[in-house]
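Here is a short note for a first look at this structure. Please read the points with the 3D view open.

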Amino acid sequence: MIPTTVAHNLLTDHPALYEARFPDPARLAGRWTEDCLRRHGAGPRVLDMGCGTGRDAAHLHSAGRRVTGADRSGAMLAHARAHRPGPAYVRADLHGFDLGEGVFDAVVCLDSALLYCHTNDQLDAFLSSCRRALAPGGLLVAEMRNGAYFLGRTDLLDAPTVHSFTWQGAAHRSTTTLTVDRTAQLLRRTRVWTTDDGSAPVEQRSAWRLLFPQELRHLLAAHGFEVLELHDGPGPRTEPPWREGRLPGATTDADRLHLVARLTAPR
């Protein structure tokens, strides 16, 4: 059967499916983020940009922070409001947002959300928006794929990755293929969804910007940020994963990149 290609994102349109496919029962991402914020003395006001279903925003809220979760997906925001009360949830686009000037002590951007800024203009708009939103000395905390990992490595590109899980009584299967678009500096992703309920396969295409560590340092410096941490682990999606008490590493060689930067220049 020929897959049907859809322009919208099946996971963001179905938040419960997203949580079934990407469970985080230990709240590793939220705990890692709280650890970063605490170690660097961040104030209580946090913007979780690309908050999705609100899992990390809710964890930060439970840690005593005043959290605003922002996402461009109305379905994700509705799910977060219904299932993760506590944070404020607003609709905003990371390609450029204005939620007030100097109203946050930290901006958090997890799970490669920053890499949906595909162009230099979009990256500049995101960092300019963060600079406007942050109070002096505020932090930017981000976690993403590491572009440097794909220099000479093909292990993530050689074969599709298959995941199977059950959702709403049906067996679901996702088959994901990654390719590198060197001209656009993008990691392109094709994912085909199949189920055992007779539905036609659904094919989706998306992409992440491949950012390299020194390139990221340069971009941040140009927007008034000082890099405090930039490393490949441990983190919430590394192997082995981060746990309390583990300090940042000193390399940027593995497939994830973890960033903590402080706003030092005036807005």
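**Notes on the model**

1. Start with the surface. The protein exposes about 12,100 Å². Carbon and sulfur atoms supply 52% of that area. Keep in mind that this is a predicted model.

2. Next, the make-up. Seven helices and 12 strands form the secondary structure of the protein. The C-alpha trace spans about 55 × 45 × 35 Å along its principal axes.

3. How does the radius of gyration compare with that of a compact globule? For 267 residues, such a globule would have a value near 18 Å. The protein has 18 Å, so the two agree.

4. Of the 267 residues, 49% count as buried. Take the contacts in the protein with a separation of 6 or more: residues 24 or more positions apart account for 65% of them.

5. Charges come next. The protein carries 31 positive and 30 negative side chains. The centres of these two sets lie 2 Å apart.

6. Look at helix α5, residues 74-83. Which of its residues are buried? They are M76, L77, H79 and A80. Seen down the axis of α5, these buried residues fall within an arc of 160°, so they line one face of the helix. An α-helix has 3.6 residues a turn, so residues three or four places apart point the same way.

7. What covers the buried residues of α5? The cover includes two helices, α1 (10-13) and α2 (15-21). It also includes the strands β3 (66-71) and β4 (88-91).

Technical notes
Residues are numbered from 1 along each chain as its sequence is written. This is a predicted model: local features need pLDDT of at least 70, side-chain atom pairs count only at pLDDT 80 or more; totals for chains, interfaces and linings use all residues. Side-chain values use heavy atoms; hydrogens and water are left out. Helices (H or I, at least four residues) and strands (E, at least two) are DSSP runs, numbered from the N terminus. The radius of gyration is taken over C-alpha atoms; the globule rule is 2.2 Å times the number of residues to the power 0.38. Buried means under 20% relative accessible area, exposed over 50%, partly exposed in between (1.4 Å probe, protein chains only). Contact means heavy atoms within 4.5 Å. Accessible areas come from the Shrake-Rupley method with a 1.4 Å probe; for residues, only the protein chains shown count as cover. Lys and Arg count as positive and Asp and Glu as negative; His and the chain ends are not counted. The place of a charge is taken as NZ of Lys, CZ of Arg, CG of Asp or CD of Glu. The arc is that of the directions from the helix axis to the C-beta atoms.
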